[in-house]
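Open the model in a viewer and keep the selection panel at hand. The stops below are meant to be taken in order.

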Amino acid sequence: PSSVIESVTFTATVNGGTTGNKVIFKDGGSEIKTTTLGSDGTATYVTDKLAAGSRLITAEYYDTDGVTKLGETSLTQVVNSLTVTIVSSKNPQGVNKPVTFTATVAGTGGFVPTGSITFKIGTTTLSTVTLSGGIATTSKTFTATGTYAVTATYSGTGQSATLSQSIQKTVKSAEIVTAVTPAIELADLKV
């Protein structure tokens, strides 16, 4: 298995083939690469653009005319997916208080993503952070109330996740103190 961002090399070997003859690589019947047979009897296709899922990769070998198919072989390549998520340390948060955003890129099949996350608020880049164990964090202190779209985009695939961060006015709680007046009894007063 591989991941959606991992580079995979497919090599077709043709015994007794003619150097320069056409070799077509296909993914599920769709042509993905046309190349020629090398002097060593192989043709190679390298990609990091396979979609997630079980991919049927076929190599077709053609005669010198480039039209007559002389043979083919295929294999199934399992391509694991990735997910990108983003969370906020506090939502809603008050004005002039820091918020930490954590983005996680998770792979299946034990793959630990590398690369970076670009955090944006709206269309403005906040920071680009290198992943460590598939996680990247950044912080921001908002100076105005409102709702902000915060996006985390993974450099490896361009996948992103967005959350809506709400910033509210900070209201300080007031302590209410009730005045207590002492009771005075006049019964014992003599004039």
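**Ring cluster**

Select Phe10, Phe25 and Tyr45: ring pairs link these residues into a cluster. Rings of Phe, Tyr and Trp (its six-membered ring) pair here if their centres lie within 6.5 Å; planes under 30 degrees apart count as stacked, over 60 as edge-to-face and the rest as tilted. The model is predicted, with local features needing pLDDT of at least 70 and side-chain atom pairs counting only at pLDDT 80 or more, while totals for chains, interfaces and linings use all residues. Residues are numbered from 1 along each chain as its sequence is written, and side-chain values use heavy atoms, with hydrogens and water left out.

How many aromatic pairs does a search of the whole structure find? There are four. Begin with Phe10 and Tyr45, a stacked pair with 6.4 Å centre to centre and 15 degrees between the planes. Phe10 lies in strand β2 (residues 8-13) and Tyr45 in strand β5 (residues 42-47), so this pair ties together parts that are 35 residues apart in sequence. Strands (E, at least two residues) and helices (H or I, at least four) are DSSP runs, numbered from the N terminus.

Colour by accessibility next. Buried means under 20% relative accessible area, exposed over 50%, and partly exposed in between (1.4 Å probe, protein chains only). Phe10 is buried at 6%, and Tyr45 is buried at 11%.

Now move to Phe142 and Tyr148. Their rings form a tilted pair, 4.5 Å centre to centre with 35 degrees between the planes. Phe142 has a relative accessible area of 2% and is buried.

**Charges over rings**

A charge sits over a ring if NZ of Lys or CZ of Arg is within 6 Å of the ring centre and within 35 degrees of the ring normal. Then select Lys22 and Tyr62: the lysine lies over the face of the tyrosine, at 5.0 Å from the ring centre.

**Salt bridges**

Side chains of opposite charge can pair when their charged atoms come close. The structure holds five salt bridges, each defined as a side-chain nitrogen of Lys or Arg within 4 Å of a carboxyl oxygen of Asp or Glu.

Select Arg55 and Asp27, whose side chains meet in one of these bridges at 3.3 Å, N to O. Arg55 lies in strand β6 (residues 53-62) and Asp27 in strand β3 (residues 22-27), so the pair ties together parts that are 28 residues apart in sequence. Arg55 is partly exposed at 21% relative accessibility, whereas Asp27 is buried at 13%.

Next take Lys49 and Asp48, joined by a salt bridge of 3.2 Å, N to O. Lys49 is exposed, with a relative accessible area of 69%, and Asp48 is partly exposed, with 34%.

Which residues are linked in a network of salt bridges? Select Lys26, Glu60, Lys69 and Glu72 to show it. Within this group, the side chains of Glu72 and Lys69 meet at 2.6 Å, N to O. Glu72 is partly exposed at 49% relative accessibility, and Lys69 is partly exposed at 41%.

**The five-stranded sheet**

Switch to cartoon and pick out the open sheet of five strands, in the order β9-β15-β14-β11-β12 with mixed pairing. β9 (93-94) and β12 (124-130) stand at the edges, each with a single partner strand, so one side of each is left without a neighbour in the sheet. Two strands pair if DSSP finds at least two bridges between them.

Select residues 146-154 (β14) and 160-168 (β15): these strands run antiparallel and are joined by eight bridges. Thr151 stands opposite Thr162 in β15.

**Nonpolar core**

Ile86, Phe101 and Phe119 are among the residues that touch the most other members of the largest nonpolar core, which has 38 residues. Strand β10 (residues 98-107) gives the most to this core, with four residues. Such a core is a set of buried Ala, Val, Leu, Ile, Met, Phe, Trp, Tyr and Cys residues joined through side-chain atoms within 4.5 Å.

**Last stop**

Finish at Ser3, found in strand β1 (residues 2-3). Is Ser3 buried or exposed? Ser3 is buried, with a relative accessible area of 2%. Not counting residues up to four places away in sequence, Ser3 touches Val79, Asn80, Leu82 and Phe111.

Methods
Contact = heavy atoms within 4.5 Å.
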